[in-house]
Amino acid sequence: MSTISWTEPRTATVRHARWHSESAAPAPRRVVVAVDRMRADTAHRLACEGTALLWQGDFPHARRLLEAVGRRIDRKPPRPGDSPIDSFHLHRRARGHRARVLGRLVVLLADDHALTLRRAPDVREACAAAYGPPRGGPVAVSLRELLGVIGAHEWRRKGVEVPALGGARVHPHYGVFSPVRGEYVDLVATAPLPVPVPRTAFDLGTGTGVLAAVLARRGFGRVTATDISPRALACARDNARRLGLAGRIEVTGPGLFPGGRADVVVCNPPWLPVRPSSALEQGVYDPGGTMLHAFLDGLASRLTPGGEGWLVLSDLAERLGLRSRGELLSAIEGAGLRVRGRIDTRPRHPRATDPGDPLHAARSRETTSLWRLAARR
Ligand SMILES: C[S@@+](CC[C@H](N)C(=O)[O-])C[C@H]1O[C@@H](n2cnc3c(N)ncnc32)[C@H](O)[C@@H]1O
């Protein structure tokens, strides 16, 4: 268990608290107490030097300080790279630096997850949803992470509307990939079914369970959904129940392939083959394309006769130089599969058209595809 220690300025007593970081940031070794009179320039300097600031002032003030430090970091944007892959890595490194520096503004959660700062919101429910029940004793977390936990809880409460489910809502849990990009969900909702009577489907890496729900609504009587993340498994079960589909969707795992075979095996792996910096990024980054290759390699033996694998993948990795089309095609062929068809669509999310995005050149030309794969028999 990692802890932080600091000296209370008024009493000169040394105190300790358990450290918790969802992004796997190490416990800060130097911690000073910060209150309302701390200036943003000082906070920025200390945080850049590696000192954590344990906030004991007013909560709204802490939020403003965090924003002010963020603006100071953003004054020095990363230089553009010489190639798309170079720009991607520089951009990722800059984001990592930003997260580390901002992560050094720290707050203390009490025994029951309460935040005892002046004018603080009640965060107990949000923290219990993200972290589980309190384990006793104070816990130090970064304010940035806590704001993420609060935002995620709001999202979970309100849900995300899914047009492909007739406007029904899916409720993402903290740390679970959210279907905010509707274009790939529409692909799964409209791709032609390979068998006249759809019976069984698998949804591998189900996240919120959105694609499993789409398949169940399309008439599959039995959909088995898996994921590597326990949070995703709980979330998918929750959504299947909320949507009244619990009788047709079985959520199982952690793992990739369930037992048996299916008429359609859907997989929407993380689209970029790079190492996630923590479990929180497991929905976005697939180290070395591990999940993609495991899906392709295991697919042929999991399909019923005439069945299809539906690989949902954007070509962003290709546009960034992280994977080539040739590599993808040879992985498909090497797995004993053939491409029966491909349905392409364009992303509709705001970043796709934002010229200020550091990866705009690649994103503006991105295509999302549903690859219809069959076993080469
Ligand atoms: C891009 S998200 C897709 C989520 C959901 N299917 C959707 O389309 O919204 C990828 C999912 O795969 C899961 N995942 C990543 N690696 C995995 C693995 N090796 N085995 C099973 N699931 C994995 C992640 O936890 C995440 O939920």
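Reader: Is Ala 24 buried or exposed?
Author: Ala 24 is exposed in this predicted model. Its relative accessible area is 53%, and a residue counts as exposed when that value is over 50%.

Reader: Where is Ala 24 in the fold?
Author: Ala 24 sits in the loop between E2 and E3.

Reader: What about Ala 12, what is its phi?
Author: Ala 12 is not a glycine, and its phi is positive, near 60°. Ala 12 belongs to the loop between strand E1 (3-7) and E2. With 57% relative accessibility, Ala 12 counts as exposed.

Reader: Where is Ser 21, and is it buried or exposed?
Author: Ser 21 is in the loop between strand E2 (14-19) and E3. It counts as buried, because its relative accessibility is 18% and the cut-off for buried is under 20%.

Reader: What does the side chain of Ser 21 reach?
Author: It reaches the backbone nitrogen of Ala 25, at 2.8 Å.

Reader: Let us change topic. How is the peptide bond from Gly 253 to Pro 254 arranged, cis or trans?
Author: That bond is cis, with omega near 10°. Most peptide bonds are trans. Pro 254 is placed in the loop between strand E11 (249-252) and strand E12 (262-267).

Reader: Now the ligand. How many residues surround it, and which are the closest?
Author: There are 18 residues around the ligand, and the closest are Tyr 184, Gly 205, Asp 227, Asn 268 and Gly 283.

Reader: What classes do the shell residues fall into?
Author: The shell has nine nonpolar, eight polar and one charged residues.

Reader: Which atoms of the ligand lie by Tyr 184, Gly 205 and Asn 268?
Author: An oxygen atom of the ligand lies 2.5 Å from a polar side-chain atom of Tyr 184. For Gly 205, a polar backbone atom is 2.7 Å from a nitrogen atom of the ligand. In the side chain of Asn 268, an N or O atom is 2.8 Å from an oxygen atom of the ligand.

Reader: How much of the ligand does the protein bury?
Author: The protein buries 92% of the 590 Å² that the ligand exposes when taken alone.

Reader: Stepping back, how many helices and strands does the protein chain have?
Author: The chain has twelve helices and 15 strands.

Reader: And why is the chain described as compact?
Author: Its radius of gyration is 23 Å, close to the 21 Å that the globule rule gives for 377 residues, so the chain is as compact as a globular protein of that length. Along the principal axes, its C-alpha atoms fill a box of roughly 75 × 50 × 35 Å.

Reader: What share of the residues is buried?
Author: Buried residues account for 51% of the 377 residues in the chain.

Reader: And among the contacts between residues at least 6 apart in sequence, what share joins residues at least 24 apart?
Author: The share is 68%.

Reader: Which residues of helix H1 are buried?
Author: In H1 (residues 40-49), the buried residues are Ala 40, Ala 43, His 44, Leu 46 and Ala 47. Their cover includes strand E3 (30-34), strand E4 (51-55), H2 and helix H3 (84-102).

Reader: What follows H1?
Author: H1 is followed by Gly 50, which has a positive phi near 100°.

Reader: You mentioned H2. What does Val 69 touch?
Author: Val 69 is a residue of helix H2, and at 6% relative accessibility it counts as buried. Apart from neighbours within four places in sequence, Val 69 is in contact with Ala 40, Ala 43, His 44, Val 101 and Leu 102. Val 69 and Val 101 are 32 residues apart along the chain, and their C-alpha atoms are separated by 8.6 Å.

Reader: And Arg 72, is it buried or exposed?
Author: Arg 72, in helix H2 (residues 59-74), counts as buried at 18% relative accessibility. Setting aside neighbours within four places in sequence, its contacts are Ala 40, Asp 41 and His 44.

Reader: Lastly, where is Pro 172?
Author: Pro 172 is in the loop between strand E8 (168-170) and helix H6 (182-190). Pro 172 is buried, with a relative accessible area of 2%. Not counting residues up to four places away in sequence, Pro 172 touches several residues, among them Ala 152, Trp 155, Thr 208 and Cys 235.

Definitions and conventions. Residues are numbered from 1 along each chain as its sequence is written. This is a predicted model: local features need pLDDT of at least 70, side-chain atom pairs count only at pLDDT 80 or more; totals for chains, interfaces and linings use all residues. Side-chain values use heavy atoms; hydrogens and water are left out. A residue is near a molecule or strand if one of its heavy atoms lies within 4 Å of it. A polar contact is a pair of N or O atoms within 3.5 Å; within protein, one must be able to donate a hydrogen and the other to accept it, and residues adjacent in sequence count only if both atoms are side-chain atoms. Accessible areas come from the Shrake-Rupley method with a 1.4 Å probe; for residues, only the protein chains shown count as cover. Ala, Val, Leu, Ile, Met, Phe, Trp, Tyr, Cys and Pro count as nonpolar, Asp, Glu, Lys and Arg as charged, and the others, Gly among them, as polar. Helices (H or I, at least four residues) and strands (E, at least two) are DSSP runs, numbered from the N terminus. The radius of gyration is taken over C-alpha atoms; the globule rule is 2.2 Å times the number of residues to the power 0.38. Buried means under 20% relative accessible area, exposed over 50%, partly exposed in between (1.4 Å probe, protein chains only). Contact means heavy atoms within 4.5 Å.
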